[in-house]
Amino acid sequence: MSIARNRITAEFHRIKEMGFVRAHRSHNTGIGKTFEDLLGVDENNHKNPDFEGFEVKSQRYLTGSKITLFTKSPTHPPGVNTLLRDSYGTPDAKFPQMKVLHTSCFSNKFNRHSSGYGFKLSLNRTDARLELMVQQLQSGRLMPETVYWSFDDLETSVLSKLGSLFVVYAETKKIRNKEHFHFVRATVFLDFQFVAFLNLIESGAVMFDIRIGAYKTKNRKSFGKPHDHGSGFRVNRTLLPALYRETFEVE
């Protein structure tokens, strides 16, 4: 790992010396796309790390936003996205005949969704699974469906993707009305601790974003079918050191 760490650190210094670089894509994904292009990483949605065993994530400098750790639909039941969307979703703004489900929840309390339901994570250590609880808000009645991730599935997903993490921060400015990034600082995180992740979930510090929509391209077989837009686990970046055995800064 020391060779990979030295290589990604050297690549960061090379990119940092370039100064402000025009964004390769607009909006929120522009910073990650720009850095990965400069790093020579092919754009991908697969579950493997990005560079030399490191997952690479980028943020605007001094932002307070959360970092998405990884995306993972529940293990059980089969077709869970269809179940959640059809049972607890609300009509899409553009295609009201379709339902969508966009909400964020934690483990410390039920949230409140416009559908009239609340969602909450619940750590079931006895059965070694993380459960997604759904409550009818008006009556307080829990919905009967058992929706969960097994600890084994979660651990496999997170370790295959986030065993080692490289987080890059960039200053931004507009040049001739185009956003530019200067990558100024990075943090290396080594040896992800799954038990620490479970403890953070239990404390209410980890957020699960549900982003289940529908395919909206007409005249295609997928039209109207559920589309997971990246339902995933997110955490404030200040808590990342608690998830790793070793952390160090790169200036």
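**Views of a predicted protein model**

**Figure 1. The surface and overall build of the protein chain.** The protein chain exposes about 12,900 Å². Carbon and sulfur atoms supply 47% of that area. The model is predicted. Five helices and 14 strands make up the count of elements in the protein chain. The radius of gyration is 20 Å, close to the 18 Å that the globule rule gives for 251 residues, so the protein chain is as compact as a globular protein of that length. Along its principal axes, the C-alpha trace spans about 60 × 45 × 30 Å. Of the 251 residues, 46% are buried.

**Figure 2. The largest nonpolar core.** This core has 43 residues. Those with the most contacts inside it are Phe119, Leu132, Phe197, Phe233, Leu240 and Leu243. Helix H5 (residues 194–203) gives the most to this core: six residues. A second, separate core has 23 residues, among them Val41, Phe166, Ala186 and Val250. In soluble globular proteins, nonpolar side chains tend to be buried together.

**Figure 3. The surroundings of Phe119.** Leaving aside residues up to four places away in sequence, Phe119 touches several residues, including Tyr88, Leu101, Phe110, Leu132, Val134 and Ile210. Lys109, Asn111 and His113 are also among the residues that Phe119 touches.

**Figure 4. Strands S7 and S8 side by side.** Strand S7 (residues 129–136) pairs with S8 in the antiparallel sense, over four bridges. Arg129 has Ser150 in S8 as its bridge partner. From strand S8 (residues 147–150), Val147 and Trp149 point one way. Tyr148 and Ser150 point the other way. Are these four residues of S8 buried or exposed? All are buried.

Terms used:
Residues are numbered from 1 along each chain as its sequence is written. This is a predicted model: local features need pLDDT of at least 70, side-chain atom pairs count only at pLDDT 80 or more; totals for chains, interfaces and linings use all residues. Side-chain values use heavy atoms; hydrogens and water are left out. A nonpolar core is a set of buried Ala, Val, Leu, Ile, Met, Phe, Trp, Tyr and Cys residues joined through side-chain atoms within 4.5 Å. Buried means under 20% relative accessible area, exposed over 50%, partly exposed in between (1.4 Å probe, protein chains only). Helices (H or I, at least four residues) and strands (E, at least two) are DSSP runs, numbered from the N terminus. Contact means heavy atoms within 4.5 Å. Two strands pair if DSSP finds at least two bridges between them. The radius of gyration is taken over C-alpha atoms; the globule rule is 2.2 Å times the number of residues to the power 0.38. Accessible areas come from the Shrake-Rupley method with a 1.4 Å probe; for residues, only the protein chains shown count as cover.
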